[in-house]
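Hello,

Please find the structure below, followed by my notes on it. Keep it open while you read.

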Amino acid sequence: MASPRVLVVAGTHGNEINAPWLLDQWQQHPDLLDACGLEVVAVIGNPAAREQGRRYLDRDLNRSFRPDLLAVAAAGTSAVDREMARAHSLVNQFGPEAAESCAVALDLHSTTAAMGSSLVVYGRRPADLALAAAVQQRLGVPVYLHEADQAQQGFLVERWPCGLVLEIGPVPQMVLDPRIVERTRLTLDACLTVLAEARDGRLTPPAELVVHRHLGSIDLPRDAEGRPEACLHPARQGRDWQPLTEGDPIFLKADGSVIRYDGPSGRVPVFINEAAYGEKGIALSLTERERWPLERSAPEALTALLRAA
C-alpha cells in the first residue's frame, strides 16, 4: 500500500523552541517516534525567525497563508515580505499541487497559556474532524474549533487537504522544557498512529466529537492611547478550559477595582493571557463547549484522502 506523505511542521513561530528541538532529535534518533509506515516530511516553518529567537521577522507566518497573500507572493512584487515568501515556498514545495505534495499537515506549537495538550481545527472539513476526534478519543485532549473570525485568518494547515494544530503549554517563549517536549511527542505519535489506521482501514472512530467552538475574543481594557487600563485578574490566570459564570472577576485595575464578566454563563475561555496575542488585541478567547455526532462520512473522507495520496 502507498505511504501517504505527512508534513510535520515545527517552528512556525521562531520563539517556540520545543517542537523544533524534538524534530532535530528525531532526525538524530529515528526510533524516537514511529512514523507507522507513513512518509513523514519534517520541516522548520520559519527557520530565519528561529535563528533569531523571534516569533516572526515581518509578519506572523501562521497568518500568511491567505490565498490573497499567497497570490501576491507568487507574483513576486515588491510587496512580498519574508513570511509571505516563506508561506508561498512551503505551499509551492509541499502543497496539494506540488511535486512533493503532502496529504496532511501537522503544525506543532507551544503556548504560554495553560492550555495543556490540545488540538486546534479550522473550520469543519470532514477529514480534519475525523482526525481530531480519533486523537481526542485516544488521548482525551480538548479540541478548539476556530472558525468565523475575520480578524484571524491565513493559518498554515488550511492550505492542505487535512490539517491539525497541536498546542502544548504552558511554557515561556524560548524555554526548552522536557515536559512540553514529551507531551508534544506523545500527541504527534497519536496523530501518526491514527493516520496510519485510517490509511489501512482500521480506524475505529468515536461516535462523537467534543469541541470548544470559537465565539470571539476579548482584549484588555485600553485607554485612548491603546495602553492597558487593567490586567488580567489573578482568578482568571491559568484557568483555560474552565467555564465562566456571569459576574466572575476578569480584569483588575491598579487601584484594586475589578471588572467582571458580563456575558452568558458557561462560556469557556482559552488562550488566557497568551504572550503572543497581546499584539493581536486578545487577552482571551471565548468558546462554547459542544458535543457533535461524528458522521460516518468524516472518517471515510480521511481514509479516502490518505489512500489517494
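Strands β8 and β9 pair in the antiparallel sense, over 2 bridges. In this pairing Cys-231 stands opposite Leu-252, a residue of β9. Note that the model is predicted.

The two strands belong to an open sheet of 3 strands, in the order β8-β9-β10, with antiparallel pairing. The edges are taken by β8 and β10 (258-260), and each of these has a single partner strand, so one side of each is left without a neighbour in the sheet.

Between β8 (231-232) and β9 (249-252) runs a loop, and Trp-241 is in it. Its backbone is worth a look: Trp-241 is not a glycine, yet has a positive phi of about 75 degrees. Is Trp-241 buried or exposed? Its relative accessibility is 17%, and because the cut-off for buried is under 20%, Trp-241 counts as buried.

A positive phi also turns up at Asn-273, another residue other than glycine, where the value is near 60 degrees. Asn-273 sits in the loop between β11 (268-270) and β12 (284-293). With a relative accessible area of 36%, Asn-273 is partly exposed, since that class lies between 20% and 50%.

Next, the aromatic rings. How many aromatic pairs are there? With ring centres required to lie within 6.5 Å, the count comes to 4 aromatic pairs. One of them is formed by Phe-271 and Tyr-277, whose ring centres are 5.4 Å apart and whose planes meet at 50 degrees, so the pair is tilted.

Phe-271 has 4% relative accessibility and counts as buried. Tyr-277 is buried too, with a relative accessible area of 12%. Ring pairs also bring in Tyr-144, which is linked with Phe-271 and Tyr-277 into a cluster.

The last item is a peptide bond. Which residues does the cis peptide bond join? The bond lies between Gly-169 and Pro-170, and its omega is about 5 degrees. To find the place in the model, look for the loop between β6 (162-169) and α6 (178-199), where Pro-170 is found.

Regards

Terms used:
Residues numbered from 1 in each chain as written. Predicted model: local features only at pLDDT ≥ 70, side-chain atom pairs only at ≥ 80, totals over all residues. Heavy atoms only, no water. Phe/Tyr/Trp six-rings, centres within 6.5 Å; stacked < 30°, edge-to-face > 60°. Buried < 20%, exposed > 50% of the residue type's maximum accessible area, 1.4 Å probe, protein only. Helix = DSSP H or I, 4+ residues; strand = E, 2+ residues; numbered from the N terminus. Pairing = 2+ DSSP bridges.
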